[in-house]
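This report covers a single protein model. It takes up confidence, the sheet and the helices in turn.

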Amino acid sequence: MVSGKHFVNDVTHPVRRALCNVARGAPDLCIRLEEQIVYRKLPHGHDKVILLSGGGSGHEPAHTGCVGEGMLDVAVAGNIFASPSASQVLKGLRVLEAPRGALMIVKNYTGDKLNFGLAGQKAKAQGLEIETVFVGDDVSVMGGSAVGRRGLAGVLFVHKIAGAAANRGADLAAVANIARKVTCQMGTAAVSLDRCSLLRRGAPESLPHDEIEFGMGIHNEPGVRREKLRTLDVTVNTVLDTILKPRADTWMPTPGQPVAVMVNNLGGLSILELSVIAEEVRRQLDARDIEVARSMSGTFVSSLDGPGFSVTLLGLDDELMSLLDAPTAAPAWPRTMSFGWKGELESQEQTGASDKEIICPIRLGPKVSKSRVMDIIHSIEKRIIEDEPCITKYDLLAGDGDCGETLLNGIQGLVAISKSLPNETVDLSSVFREAASVAENSMGGTSGAIYAIYINAVASSLENMEKTMVSPSDTSISKCMAIALQGGLEELYKYTLARQGHRTLMDALIPFVETFCMSLDFREATLAAQKGCEDTRMMEASLGRASYVGRDRFVENSGIPDPGALGIVSILKGIRRAL
């Protein structure tokens, strides 16, 4: 899953280059490039406790993204996944005046504890008042570990709440106590699909495609256990069980206690996928009767491009809630948080809609048996399921990879809705009209619109057939279909410039319709569509996403048939199998 490919393998001092970009983004930030320190400007003679944190790089936006009014004052960056040295930390402690002392917030890793601890001792020897809080929120490694729990994304809650307390003028002891209170009232557990990819290291050893690891940290270390990849609800349930498992020395929410939840991207998940995960976390917490007062999702403490996520629960009271809600200018803190909304989603029941029965109005045109329609639909479904991997493979090379899934969505929607056809004999136009509705609502995208327009137009042609066609023979149905298919094609031409030779689904649809209209032979027409599809292999695309792909890409892969045309052929082969 991890490629090991990077744009910056030839860049010297990537951490320093990245810090320069951080400082450019905010006028009140300064950097000490040699020591890899980011800090914010404070007025001379200020009267606040200084907050300092840091650690290895590769966890962005932590810790540098937490520097800003209301959170950290100083962040010290080590190299990738490596603690900053004690001398770096000491210079970070001295970069700002600290008349009321400084609090160091340190994740519980050996290197961080040693280097921050040594720096703290030296700072104290120089007369600076220092307090240190260690953050170990990883509940997946409880028991049997001499070093204790690792620090994960929960450190962000510590930065925020302690930073708000310092910003309100609390003294060093009070700020340290509130930070320790946070560390004692939260738990984090993580899960990942694979390892992250380190700069200049090439492709790492990957997990098997069907396995995931629970209890992974943020430094590419192995997880606590591997399991088979299962459904999202099972995965989220396992993560929440890990956090909420009763332990003598670990926080658990008391009945009725509100919590804040953070769903953190380890770096490699898309925004869409993370949003789905966050919604599943909220759904399961609601089902467990846990009161979610605040929730947030995003990339807060990453592991480079790690394809995983962590969940953090923080027990709240009035004091912590107030500090959590306090304003901050730090860019890593989300601009929006959920305040426990449990709104109702509009459902079909609320809107009065029902999918129990399709009410088909009286129509003109040919009629067919419901059993015949169902046989054809199921045959199409079976064929598309067989062909989907091949269609998807080619669409990944020449498009955006969703053509096979789009077809599956369409046919599965049609299977579902066809079960509610009310009579043993149905109007063929009604079947096409329902199919058009499914294409519009279930498929989406360009292909969904093309299918919907075309099938709608075919339905309209069938509805306009003369009344003498109400009980047609097989031959008259073929003639009706030929007229309707041609009429649909002419209507479709009004809405798309795509024609045969443009490397689209039209390269299969047009020869099929033209051949069927001339011969009324479905087999011959399907073969014509198949040939039209094959002709697209070396064809240069004029329309669609494939038009943005260089022709060399097609040549080097021994020719790539258009995925949309393949979809048309798959549908036709499914119909032919049932006839």
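In which helix is confidence lowest, and in which is it highest?

## Model and confidence

This is a predicted model, in which local features need pLDDT of at least 70 and side-chain atom pairs count only at pLDDT 80 or more, while totals for chains, interfaces and linings use all residues. Residues are numbered from 1 along each chain as its sequence is written, and side-chain values use heavy atoms, with hydrogens and water left out.

Confidence is lowest in helix H9 (residues 348-351), at a mean pLDDT of 46, and highest in helix H4 (residues 155-167), at 98. Here pLDDT is the predictor's confidence in each residue, from 0 to 100; helices (H or I, at least four residues) and strands (E, at least two) are DSSP runs, numbered from the N terminus. The protein has an average pLDDT of 86, and 87% of the residues score at least 70. Residues 347-363 stay under 50, and the model has 22 contacts for them beyond four places in sequence (contact: heavy atoms within 4.5 Å). Where pLDDT is low, the predicted coordinates should not be read in detail.

## The sheet

Six strands form an open sheet with mixed pairing, in the order S1-S2-S4-S3-S5-S6; two strands pair if DSSP finds at least two bridges between them. Strand S1 (29-32) and strand S6 (130-135) are at the edges with a single partner strand each, so one side of each has no neighbour in the sheet. On average, neighbouring strands are turned by 20 degrees against each other, direction ignored.

Strands S2 (residues 37-40) and S4 (residues 74-80) pair in the antiparallel sense over three bridges. Val 38 has Ala 75 in S4 as its bridge partner.

## Helix H1

Helix H1 (residues 14-24) has Val 15, Leu 19 and Ala 23 as its buried residues (buried: under 20% relative accessible area; exposed: over 50%; partly exposed in between; 1.4 Å probe, protein chains only). Seen down the axis, these fall within an arc of 75 degrees, so they line one face of H1; the arc is that of the directions from the helix axis to the C-beta atoms. They pack against S1, S2, S3 and S4. Arg 17, Asn 21 and Arg 24 are exposed on the other side of H1.

## Helix H3

The buried residues of H3 (residues 110-125) are Asp 112, Phe 116, Ala 119, Gly 120 and Ala 123. They cover an arc of only 105 degrees, which puts them on the same side of H3. Their cover includes S3, helix H2 (86-94), S5 and S6. Leu 114, Gln 121 and Ala 125 are exposed on the face turned away from the buried side. After H3 comes Gly 127, with a positive phi near 100 degrees.

Methods: Axes are lines fitted to C-alpha atoms, for helices over the stretch in contact, and angles run from 0 to 180 degrees between N-to-C directions.
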